[in-house]
Amino acid sequence: MNDYHNFKFTPSVWIVPSLLLIMIWAVFFFEHSFAIDLSSHGILPRTLTGLQGVIFSPFLHGDLNHIANNSIPLFILTTALIYFYRDVSLKVLFYGILLSGIITWVIGRDSFHIGASSLIYVLVSFIFFKGMMTQYYRLMALSLTVVMLYGGMIWYVFPEVDKQISWEGHLAGLITGFFFAIRFKTPDYVKATQYPWEKPDFNPEEDPFMKRFDEHGNFVNTPKPEEIVEEATSVLPQYVYVYKQATNDDKENE
């Protein structure tokens, strides 16, 4: 399996998370610059007008501490999602917002639910469960890394831990991510090993290992290849004598 084909760094790996954060912070600055409270556009469970929050709630935050706590994990997890699960990344992001929002709308308390934490739980859940399901060492390592970084978030899906947070949104994100891990297919990173003798074009007569067995199945040593010795030939120098007829001048010099 060629990892470069499946896991390749492209500009979308950082552009998509950056655009997502820019949108979230733009809405936050708009609210505080013009003293406008958009919390009423969050999810209000089991009301018709509260359904608008399914789309708007991830972009709404109550205060600076709320948006700051969500920004870093959202950027890191979205980056990891796009890099390691490029083919399904946009589906996980888009449908994750919708499905987790709808579940929150169904099970939530009678209050406005805002924030990107439900999407963060979608990403944590999907990356963890999908990595373990693939049984591929790189993705399993990613799953364990996510557990080490964000494993403590599991406590915030229970009602009595902190009544000021939307545990319903966290639980909805956890359920959504697990469902997507089962639903969305990824490449078969781990392929069964195929030995040479299992291939259709295998010829036992040409296989070096099979040549060590005779027709009765006994192990034998293959004959050593015959050595070819080339006789060395020497080239003797050749002398060419050119005879020149003596002239009268040559005789006078004598």
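Here is a short chat about a predicted model, covering a helix pair, its salt bridges and one serine.

Q: Hi! What kind of model is this, and how are residues numbered?
A: This is a predicted model, where local features need pLDDT of at least 70, side-chain atom pairs count only at pLDDT 80 or more, and totals for chains, interfaces and linings use all residues. Residues are numbered from 1 along each chain as its sequence is written, and side-chain values use heavy atoms, with hydrogens and water left out.

Q: Which residue does E168 pair with?
A: E168 pairs with R109, and their closest N and O atoms are 2.7 Å apart. The two sit 59 residues apart, with E168 in helix α8 (residues 167-183) and R109 in the loop between α5 and α6. Helices here are DSSP runs of H or I with at least four residues, numbered from the N terminus.

Q: Is E168 buried or exposed?
A: E168 is buried, at a relative accessible area of 1%, while R109 is partly exposed at 33%. Buried means under 20%, exposed over 50%, and partly exposed in between, using a 1.4 Å probe and protein chains only.

Q: And the other bridge: what does K163 pair with?
A: K163 pairs with E160, the closest N and O atoms being 4.0 Å apart. Both of these residues are exposed.

Q: New topic! Where is S125 found?
A: S125 is found in helix α6 (residues 117-134). S125 is buried, with a relative accessible area of 2%.

Definitions and conventions: A salt bridge is a side-chain nitrogen of Lys or Arg within 4 Å of a carboxyl oxygen of Asp or Glu.
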